[in-house]
Structures are given as structure tokens and as C-alpha cells.
Amino acid sequence: MTGSKSGGGAKRGPRSKTGSSAGGFGGARQMNVRLKTATGRTTSSQRWLERQLNDPYVAAAKREGWRSRAAFKLIEIDDKHRILKSGQRVVDLGAAPGGWSQVASKRTRADEGRGQVVAIDYLAFDPIPGVAIVQLDFMDETAPDLLKSLLRDGGADVVLSDMAAPTTGHTGTDHLRIMGLAEAALAFAVEVLSPGGAFLCKMFQGGSERELLTQLRQRFKVVRHVKPPASRSDSAELYVLATGFKG
Ligand SMILES: C[S@@+](CC[C@H](N)C(=O)[O-])C[C@H]1O[C@@H](n2cnc3c(N)ncnc32)[C@H](O)[C@@H]1O
């Protein structure tokens with residue numbers, strides 16, 4: 001299904017203007033909720049639920065009106081590396097439920113009509129002020145041109161990708177899938193970014209990202225790995241941040 005809708009009717013928005021309340025929760029008091037095993041709940045879903053209930057980022061996201069705890073990953077990365085600026089055009093790949101798009105919209109002031117955020121996911125999610133949402137698989141051959149057609153002057157200043165396919169539990173397979181998405185995101189970024197632009201992309205720690213890093217180093221002035229505090233330390237998740245697109 002393909003659809004494109006512009007934000008404006010969001011039920012709620014982040015309560016902090018710049019969304020920089022994160023700063024890590026390393027020192028925060030950890031809750032310790034233990035659940036009695038419910039009939040029908042698997043051990044892994046029990047573990048997931050307990051982790052959610054005990055996660056200070058989940059609580060803060062709810063309190064501050066962010067759609068996802070993932071919003072804090074972008075907040076932390078951007079607080080440190082300053083990639084989002086007022087007036088920029090941003091593409092958010094794998095955007096549902098919309099935490100990163102909320103942050104991008106606030107920080108580029110797309111919600112005030114200055115910047116622009118175009119977001120894509122095959123999952124539907126609620127509108128966000130200042131964000132044009134495309135519901136489509138990014139791997140669909142029509143997706144890149146559709147995104148470009150929505151961008152002011154057909155180009156972007158920042159391409160974000162937090163795309164991740166559902167995990168299979170098999171590390172090798174999961175790694176290959178995420179790298180496939182990262183490669184497609186980079187191919188798109190190279191097509192749309194303006195000189196000086198930035199690319200932030202989810203990856204996994206592992207071996208096969210070497211080729212992708214080589215490509216990134218050819219096309220961008222600075223390439224670094226980033227692991228924000230909000231990214232769970234027990235997860236192999238890692239982001240690559242490439243800045244200074246050479247054009
Ligand atoms: C970790 S979530 C993104 C969370 C988001 N950054 C936020 O802050 O709310 C990853 C998303 O990637 C999406 N995704 C994975 N593969 C995709 C694809 N081929 N096309 C579009 N979206 C995709 C998933 O549907 C999922 O919503």
C-alpha cells in the first residue's frame with residue numbers, strides 16, 4: 001500500500017521544545033518491576049515486558065511525549081554531533097512509530113514550516129506536525145523516486161536510517177538483513193544528499209560492514225561509529241555517522 005500524508009493532526013507532541021532531556025540515564029534510579037508469569041505469555045515476551053517496565057528511557061519517552069525510546073538515540077547523537085539544523089530537509093527511513101521524525105521535525109523546525117521531514121515505513125503511524133509520511137517498503141523500486149518527489153528541490157541535507165527488519169534470532173541472518181537495508185539507504189543518500197550533507201544509519205557490530213565503510217569513506221569527509229547511551233549496551237546495534245558529503 002502506498003500513501004503519503006502530511007502531519008498536522010498529531011494527537012500529541014514532545015513536551016520539550018528541543019528534546020534534550022536525555023543526557024543518559026546512567027545515574028537514574030532503576031525500577032525493578034518483576035512480573036508473575038501470566039498464562040499464555042512466553043518467556044521471551046515476559047522478559048521483554050519486564051525490560052520495558054524497568055527501562056528509564058521508556059518512562060521518559062512516555063512522560064515527554066516521544067513516540068519511542070529510540071527518539072533518545074537521535075537526541076543523544078544530535079546533541080553531541082549537531083547534525084540537525086533549522087531549515088534542513090531530512091529523510092527518515094524506517095520511521096515508525098515516529099520518534100526520530102518527531103525529533104527531526106522539532107530540530108529542523110519543520111513543524112514551523114522552515115525545515116522539511118519526509119518519512120517512510122511500511123508500517124502505518126500517526127501523523128506528526130511537519131512530517132510527510134510515506135507508507136511503503138523502502139526496498140520497493142518506486143520508493144526512492146517517490147521520496148525525491150516530496151523533497152524541496154528534490155534533495156536532502158540529512159538522511160537518517162533506523163531501518164531494522166524483525167529479528168530472526170539467528171545473528172548471521174539478522175546481520176545480513178540489516179546490512180542490506182544499510183546498503184540501500186546509502187545508495188539513496190548518495191543520490192539525494194547535497195554537498196556537505198550527513199548520513200546516519202543503523203548497523204550491527206560484526207564483520208561484513210567493511211565494504212560499506214569503505215564506500216562511506218570515499219563519499220564523506222568524516223565517518224565515525226556512534227553508540228549513544230540510549231542504545232542498549234547488550235545489543236550489537238551500532239550507528240554509523242557520515243558527515244561532509246563530497247557530492
Ligand atoms: C527501530 S524501528 C524505527 C524506530 C524509529 N526510528 C523511531 O524513533 O520511532 C525500525 C523500523 O524500520 C522499519 N523498516 C524495516 N525495513 C523496512 C523497509 N524495507 N522499508 C520501510 N521500513 C522498514 C520497520 O517497520 C520499523 O518500523
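**The nonpolar core and a buried strand**

The largest nonpolar core holds 58 residues, and of these Val159, Ala185 and Phe199 touch the most other members. Helix α6 (residues 171-192) gives the most to this core, with 8 residues. The model is predicted.

**Core**

- In soluble globular proteins, nonpolar side chains tend to be buried together.
- Setting aside neighbours within four places in sequence, Phe199 is in contact with Val159, Leu186, Ala189, Leu193, Phe220 and Ala242.

**Burial of strand β2**

- Strand β2 spans residues 89-93 and is mostly covered, with 5 of its 5 residues buried.
- In a regular strand the side chains alternate between the two faces of the sheet.
- On one side of β2 lie Arg89, Val91 and Leu93, and on the other lie Val90 and Asp92.
- Both faces of β2 are covered, as the residues on each side are all buried.

**Strand partners of β2**

- β2 pairs with strand β3 (residues 116-121) in the parallel sense, over 5 bridges.
- The chain passes from β2 through helix α4 (residues 99-108) to β3, and this β-α-β crossover is right-handed.
- Within the pairing with β3, Leu93 has Ile120 as its bridge partner.
- β2 also pairs in the parallel sense with strand β5 (residues 156-161), over 4 bridges.
- Opposite Val90 stands Val158, a residue of β5.

Conventions:
Residues numbered from 1 in each chain as written. Predicted model: local features only at pLDDT ≥ 70, side-chain atom pairs only at ≥ 80, totals over all residues. Buried ≥ 20, exposed ≤ 12 C-beta atoms within 10 Å, placed from the backbone. Helix = DSSP H or I, 4+ residues; strand = E, 2+ residues; numbered from the N terminus. Pairing = 2+ DSSP bridges. Right-handed = clockwise from strand over helix to strand, strands pointing away. Core = buried A, V, L, I, M, F, W, Y, C linked by C-beta atoms within 7 Å. Contact = placed C-beta atoms within 7 Å.
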